[in-house]
Each structure stands twice: as structure tokens, then as C-alpha cells.
Amino acid sequence: MRQDPCRRFLRITLALALAVAGPVHAQAGIVPALAPVLDPDTPGADEACGIVGAGTAATPESMDIYPGHIMQINGERPRLVREGYRLQPGKHLLVVAEAIPRAHLGTAQQAQIDKMRRRKDFTGYFKPLLVDVRADTLQRVGVRLRRDHLDTGSLRDNAYWEPVVWEEVPRECR
């Protein structure tokens with residue numbers, strides 16, 4: 001039986017990241033992606049929780065931060081698409097897809113990205129991000145456009161963006 005290429009890519013990515021990932025602590029500012037495997041958790045009604053979201057505010061495009069989409073949380077697709085997801089405090093693995101407006105890229109760059117995305121292994125769509133969720137905190141997720149990686153090779157290798165936590169704000173989660 002053949003494995004779905006997307007699932008195979010994610011399993012390989014997660015296994016490699018688990019081998020190299022150390023402790024990660026999201027701080028105010030931008031946090032680059034890391035990806036160990038974690039079991040899915042959802043908070044109960046009376047437990048502490050934090051919120052992770054990709055659509056909770058406009059992204060700071062002046063900092064080359066753009067929208068992203070949370071495709072998976074701890075290896076599972078969210079049942080409902082929301083702006084923010086309640087999670088227990090601790091480390092959680094998100095799988096993020098980029099949504100950089102193509103108007104911010106040149107025509108040749110757009111064509112190279114479209115070509116890269118047609119690959120059958122889906123490596124152009126998703127990247128892992130490890131978030132250390134804190135109680136009563138909203139962590140905003142987006143993607144950073146890496147302007148120093150807009151050459152043909154970097155576009156082909158999907159190195160032109162990275163998922164980030166671009167802001168943390170206190171927000172009660174009950």
C-alpha cells in the first residue's frame with residue numbers, strides 16, 4: 001500500500017526535527033520553526049489554556065510577515081477552521097501553509113513558486129512550527145517572507161518563507 005505523499009513528507013519532517021530539536025520557548029518577537037512530535041491535547045472546561053491563531057489580527061507586512069494557515073495541530077487537522085485554537089499550555093506542533101499575496105513577488109518568482117507547488121510531495125505547501133503555548137496568552141502565527149531567498153534555487157527548494165510566531169499578547173482563555 002502506498003503512503004500519501006503529504007503524510008510521508010510530514011512524517012519524515014517530524015522525525016528529522018525530533019532528532020535535532022531542543023527546548024524551544026516562544027518569546028515576544030519572532031520564533032523560527034522547529035518540529036518534534038507531540039500528542040494532541042485540548043483543554044477541558046476548567047483547565048488552563050492558551051490561544052494560537054493565524055487570523056486574529058492583520059499581519060505586519062512592513063516586517064515581511066504575511067498570513068499563514070494552520071493546517072494541523074499535533075498531527076491532526078482542526079475539525080473547524082477558526083481564527084484561534086485553544087490549547088493546553090506546553091509545546092504543540094503546528095503545520096502551517098503560507099498565504100503570501102503574490103503581488104509582493106515578481107512575475108518570475110510567482111512562476112517558479114507555481115512550478116514548485118506542482119510537485120507531488122506537497123513540500124511547497126507546509127512547514128512545521130513548534131509553539132510553546134502559555135496560559136492566558138494569544139500567540140499570533142504567520143509566515144515570514146525571506147527576501148534574501150528569492151532566487152530560483154531557493155524558490156525551488158521552498159526556502160523563501162518560514163512559519164513564525166510574530167506576536168504574543170495577554171488574553172484570557174477560559
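Colleague: Which backbone nitrogen does the side chain of glutamine 109 reach?

Modeller: A polar contact is a pair of N or O atoms within 3.5 Å; within protein, one must be able to donate a hydrogen and the other to accept it, and residues adjacent in sequence count only if both atoms are side-chain atoms. Here the side chain of glutamine 109 reaches the backbone nitrogen of glycine 106 at 2.7 Å. Glutamine 109 itself lies in helix H2, residues 107–117. Helices (H or I, at least four residues) and strands (E, at least two) are DSSP runs, numbered from the N terminus. With neighbours within four places in sequence set aside, glutamine 109 is in contact (heavy atoms within 4.5 Å) with Leu150 and Leu155.

Colleague: What should I know about the model and the numbering before going on?

Modeller: The model is predicted: local features need pLDDT of at least 70 and side-chain atom pairs count only at pLDDT 80 or more, while totals for chains, interfaces and linings use all residues. Residues are numbered from 1 along each chain as its sequence is written, and side-chain values use heavy atoms, with hydrogens and water left out.

Colleague: How many helices and strands does the chain have?

Modeller: There are 3 helices and 8 strands. Their order along the sequence is α-β-β-β-β-β-α-β-β-α-β. Of the contacts with a separation of 6 or more, 80% are between residues 24 or more positions apart.

Colleague: How many salt bridges are there?

Modeller: The criterion is a side-chain nitrogen of Lys or Arg within 4 Å of a carboxyl oxygen of Asp or Glu. The structure holds 5 of them. One of these joins glutamate 167 and arginine 140, at 2.4 Å from N to O. That pair links distant parts of the chain, 27 residues apart, with glutamate 167 in strand E8 (residues 161–170) and arginine 140 in strand E7 (residues 137–145). Another salt bridge is formed by arginine 144 and glutamate 162, at 2.3 Å. In this pair arginine 144 belongs to strand E7 and glutamate 162 to strand E8, 18 residues apart. Arginine 102 and glutamate 98 also form a salt bridge, their closest N and O atoms being 2.9 Å apart.

Colleague: Is glutamate 98 buried or exposed?

Modeller: Buried means under 20% relative accessible area, exposed over 50%, and partly exposed in between, with a 1.4 Å probe and protein chains only. Glutamate 98 has 5%, so it is buried. Arginine 140 is buried at 10%, whereas glutamate 167 is partly exposed at 27%. Buried residues make up 45% of the 174 residues in the chain.

Colleague: Which cysteines does the disulfide join?

Modeller: A disulfide is a covalent bond between the sulfur atoms of two cysteines. The rule applied is a pair of cysteine sulfur atoms within 2.5 Å, and the count comes to 1. Cysteine 49 is joined to cysteine 173, S to S 1.8 Å. The link is left-handed, with -110° about the S-S bond. Cysteine 49 is buried at 1% relative accessible area, and cysteine 173 is buried at 1%.

Colleague: Which residue lies over the face of tryptophan 161?

Modeller: A charge sits over a ring if NZ of Lys or CZ of Arg is within 6 Å of the ring centre and within 35 degrees of the ring normal. Lysine 127 lies over the face of tryptophan 161, at 4.8 Å from the ring centre.
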